[in-house]
Amino acid sequence: MVKRILLVVVLLAVGGFATLLVIPRGRAQVQLTLEPSMTKGAASSTVTIVEFSDYQ
Amino acid sequence: MKEYDGRVRLVFKDLPLPFHELARPAHEAARCAGEAGTFWPYHDRLFQEQPAFERAELVGYAADLGIDRVSFTRCLDERRFAAAVEADVSQARALGITGTPTFLVNGRQVVGAQPIEAFRSMIDDALKTP
């Protein structure tokens, strides 16, 4: 812990560095299109199961 | 689906994998069948017949369901639903989905075929969530 604090102090003293880490902001929202003929069940359903599938 | 009647909706999305060369025409064909009002029977037939998805076979499955052969063939040949299939592929990519089948149960991602009990459990959990 002490070593870590010392490292930060040294880095702050030396300067000339930049934080390159990107703050995660969560996964981007993806708008799913919906083809009515490719759905089963009521639109008012509590649960929606989206299935991405390959016929082959 | 019947036991959850009115409480669960299933949405099918196209994700033809790039190494399945006959998959994309099959997905487009299913949408052509959907336009004729028989998406689900055609969808079931494709899963029964995979990987027999040559053009003549796709047209034959449609004819078996009573879809007009000429209009179905026109739909296939003009690739009427190519962009719609590609839109689904793009949406899958944006979600980080690369394999099939992948399910989203109220947004919760589940990869791979699962036993019915697993779905029942997830659906029951989702139904309990306020």
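Predicted model: local features only at pLDDT ≥ 70, side-chain atom pairs only at ≥ 80, totals over all residues.
Residues are numbered from 1 along each chain as its sequence is written, while chains are lettered from A and ligands numbered from 1 in the order in which they are written.

**Exercise 1. Describe how H1(B) packs against H3(B).**

Step 1: helices (H or I, at least four residues) and strands (E, at least two) are DSSP runs, numbered from the N terminus. H1 covers residues 23-35 of chain B and H3 covers residues 55-64 of chain B.
Step 2: axes are lines fitted to C-alpha atoms, for helices over the stretch in contact, and angles run from 0 to 180 degrees between N-to-C directions. For this pair the angle is about 25 degrees, with the axes 11 Å apart.
Step 3: angles under 35 degrees count as roughly parallel, so H1(B) and H3(B) are roughly parallel to each other.
Step 4: look for the contact, meaning C-beta atoms, placed from the backbone, that lie within 7 Å. H1(B) brings B:Pro25, B:Ala26, B:Ala29 and B:Ala33, and H3(B) brings B:Arg55, B:Leu58 and B:Ala62.

**Exercise 2. Work out which part of chain A gives the most to the side that touches chain B.**

Step 1: count up the contact, and you get 24 residues of chain A against 41 residues of chain B.
Step 2: strands S1 (39-40) and S2 (47-53) of chain A each supply at least two residues of that side of chain A.
Step 3: S2(A) gives the most, with seven residues.

**Exercise 3. Trace the sheet that holds strands of chain A and chain B.**

Step 1: two strands pair if DSSP finds at least two bridges between them. S2(A) and S2(B) (residues 102-105) run antiparallel, joined by four bridges. One bridge partner to look up is B:Phe103 in S2(B), which goes with A:Glu51.
Step 2: the open sheet has five strands in the order S1(A)-S1(B)-S2(A)-S2(B)-S3(B), with mixed pairing.

How values were computed: Parallel < 35°, antiparallel > 145°, perpendicular 65-115°, else oblique. Contact = placed C-beta atoms within 7 Å.
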